[in-house]
Amino acid sequence: MIKKAKGLWAAVLPILVAVPMLISGEAAAQAKPPLKIGAFLSATGAASYLGSGEMKTLALYVDMLNMAGGIDGRKIELFAYDDETDAARANTLVKRMISNDQVHAIIGGSTTGTTMSAVPLVEKAGIPMLSLAGGSVIVEPVKKTVFKMNHTDAVAVSKVFNHMRAQGITNIGIIAGTDAFGRAALTASQKVAPQKGIKILREESFNPKDTDMTAQLTKLRQESGIQAILNLGFGEPAVMVARSYRQLGIELPHYGTHALASDTFLKLAGPAAEGMIMTNGAILVADQLAQNDPQRPVVQGYVKAYKDKYDEAPSFFGGNAYDALMLIKNAVQKSGSIDPQKIRDGIEKNDPFIGVTGKFRMSETDHVGLTEDSLKVVRVKDGKWLLIQ
């Protein structure tokens, strides 16, 4: 264990953004009351491919920060729970973290549905919550204590539509889930499409437990004028869409969003993912980033640390968890306080922060702080991610 930790430090120290060593070792962590961070993540259930890596990331970096003396001389106590991708369970867990664990900040949930079930609770308690989910509804309208650690679905589909237009694609079909993310992403697509010169000729939907998307995709393929199909799903249902797409031999370009951005999706979809085009974070193409890309050292450091610890590649979503923890760290260091209100203020007024997901610049009117520029466009080629834009 000690040898492994030493190996990780070589990769991680440059990207921990000046962790203070005011007092050495455990003495520093015991000098002040601990910083209590709660997390409710979908480590199991339909969104486990999101939450599993998020949970591992938090465990890894909390240990590292504590080994370095904690944050602002405070030991971090992590109260991490598996919400099993269930909104009702997420609600119960957040109540527990607020009332029993008395956390100062919360990271989660992994999905739009689990996140939204917790929003009223954290708003009432005044606890800052950094969601790792995709839906714009999480931060639109802006909620005082709620932040989001990845691009909104509106930004993601905007990037997709820009790529489509560059390829001469103007008429599309959409297949979307009936879950919270699917509904939010569809609404965003309907709003953004006209602004980008894209016409949605047909919309089809699927339920989270559907295992065959043949009927919906057949209708999309038969719709006259459709030039491409956008898959607004995540998790296993999105995999099923890809498999049905391939089984039907559909030759239209198949697009997706950052909700599919994980090696797990490639593994589960297999050959069915080949040729898919989607928006993605820098993490899955870390080795393809330009030498002068400011995210390159951050992303590559995180990837190395995670691989050294878990012997597997991290996901885009694990990177969201890293960024959430670092923003909390920066807020505590800047204010010298673990008061939830001051942490909230520090996150909202953070100095520009380059994370794994992108460059964050939040404000009173923007609780995401990410622009389209930090998204990449990738294609699946030979079972791997290829950076194309």
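Predicted model: local features only at pLDDT ≥ 70, side-chain atom pairs only at ≥ 80, totals over all residues.

Q: Which strands does helix α5 touch?

A: Helix α5, formed by residues 112-125, packs on the sheet through contacts with β1, β3, β4 and β5. The angle between α5 and β4 is about 165 degrees.

Q: What is the strand order of the open sheet?

A: The order of its five strands is β2-β1-β3-β4-β5, and the pairing is parallel. β2 (76-82) and β5 (146-148) each have a single partner strand, so one side of each lacks a neighbour in the sheet. On average, neighbouring strands are turned by 20 degrees against each other, direction ignored.

Q: How many bridges join β4 and β5?

A: Strand β4 (residues 129-131) pairs with β5 in the parallel sense over three bridges. Ser 131 has Lys 148 of β5 as its bridge partner.

Q: Turning to the nonpolar core, which residues touch the most other members?

A: In the largest nonpolar core, which holds 108 residues, they are Phe 161 and Phe 265. Helix α12 (residues 316-335) gives the most to this core, contributing 11 residues. Leaving aside residues up to four places away in sequence, Phe 265 touches several residues, among them Ala 238, Leu 260, Met 276 and Met 278.

Q: Which residues does the second, separate core include?

A: That core has 11 residues, including Ile 175, Phe 206, Met 240 and Tyr 245.

How values were computed. Residues numbered from 1 in each chain as written. Heavy atoms only, no water. Core = buried A, V, L, I, M, F, W, Y, C linked by side-chain atoms within 4.5 Å. Buried < 20%, exposed > 50% of the residue type's maximum accessible area, 1.4 Å probe, protein only. Helix = DSSP H or I, 4+ residues; strand = E, 2+ residues; numbered from the N terminus. Contact = heavy atoms within 4.5 Å. Pairing = 2+ DSSP bridges. Axes fitted to C-alpha atoms, helices over the stretch in contact; angles between N-to-C directions.
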